[in-house]
Amino acid sequence: MTKSIPPHPVTAVLSGNDLLVFDVLRAANGPASAYDILDRLKPERPRIAPTTIYRALEHLIRAGRVRRIESLNAYLAATEAGDRAVVFAICDDCGRVQERDAGTEVGRITKALARDGFRPTHPVVEVHGRCGDCEAGSNSVAGGKP
Ligand SMILES: [Zn+2]
C-alpha cells in the first residue's frame with residue numbers, strides 16, 4: 001500500500017500519452033487548447049478522454065516542456081525546456097504567440113516577492129497587442145515565414 005503519490009519531478013520520464021500531447025503541441029506551431037489537442041488525437045485514439053489530455057499537460061508543464069497561456073486558456077510547446085521566466089507577446093490579430101526570455105525584468109519582481117515571503121514558482125507575463133507583421137499590414141492568415 002502506497003502512502004502518498006510522490007511529486008512529479010522535473011526530470012521525470014514522460015509517459016506515452018505525455019509524448020503524444022507534446023507532439024501535437026509542437027506540430028500545432030502555436031497555442032492550442034486542451035480540446036484542440038483532443039480533436040487532433042481523436043482520429044487515431046478514439047477513446048482518449050479529456051482527463052488524459054489534462055493530466056499529460058500537467059506533467060509537461062511540470063517538466064518545463066509546455067507553458068500555459070492563461071489569457072488564452074491554451075498551451076504552447078516551450079521553445080526551450082525549463083522553468084525560466086518568460087514573456088508571451090500575443091498578437092490579437094493573427095493569434096501568433098512569441099515567447100521571449102524575461103530573466104532580468106521578471107527576476108526583479110520575483111526577488112521583491114521573495115523578500116515578502118512569497119515563493120514564485122513559474123513567473124509568466126502575457127502581453128497582448130499586434131505583432132510587427134500585422135502592424136505593417138503584411139500578415140496574411142496565420143502567416144509564418146521561415
Ligand atoms: Zn499578428
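Modeller: Please keep in mind that the model is predicted. The largest nonpolar core has 18 residues, and those that touch the most other members are Val-21, Leu-25, Leu-57, Leu-60, Val-66 and Tyr-75. Helix H1, which spans 16-28, helix H3 and strand S2, which spans 74-77, each contribute at least two residues to this core, and H1 provides the largest share, with five residues. Val-21 shows in detail how such packing is built: leaving aside residues up to four places away in sequence, Val-21 is in contact with Ile-37, Ile-53, Ala-56, Leu-57 and Leu-60.

Helix H3, which covers residues 50-62, is also where His-59 is found. His-59 counts as buried because 21 C-beta neighbours lie inside 10 Å, the cut-off for that class being 20 or more. His-59 and Leu-14 are separated by 45 residues in sequence, yet their C-alpha atoms are 7.4 Å apart in space.

From its first C-alpha to its last, H4 reaches 18 Å, which is close to the 18 Å expected at 1.5 Å a residue. After H4 comes Gly-117, whose phi is positive, near 90°.

Technical notes:
Residues are numbered from 1 along each chain as its sequence is written. This is a predicted model: local features need pLDDT of at least 70, side-chain atom pairs count only at pLDDT 80 or more; totals for chains, interfaces and linings use all residues. Helices (H or I, at least four residues) and strands (E, at least two) are DSSP runs, numbered from the N terminus. The expected span of a helix is 1.5 Å times one less than its number of residues. A residue is buried if 20 or more other C-beta atoms lie within 10 Å of its own, exposed if 12 or fewer, and partly exposed in between; C-beta atoms are placed from the backbone. A nonpolar core is a set of buried Ala, Val, Leu, Ile, Met, Phe, Trp, Tyr and Cys residues joined through C-beta atoms within 7 Å. Two residues are in contact if their C-beta atoms, placed from the backbone, lie within 7 Å.
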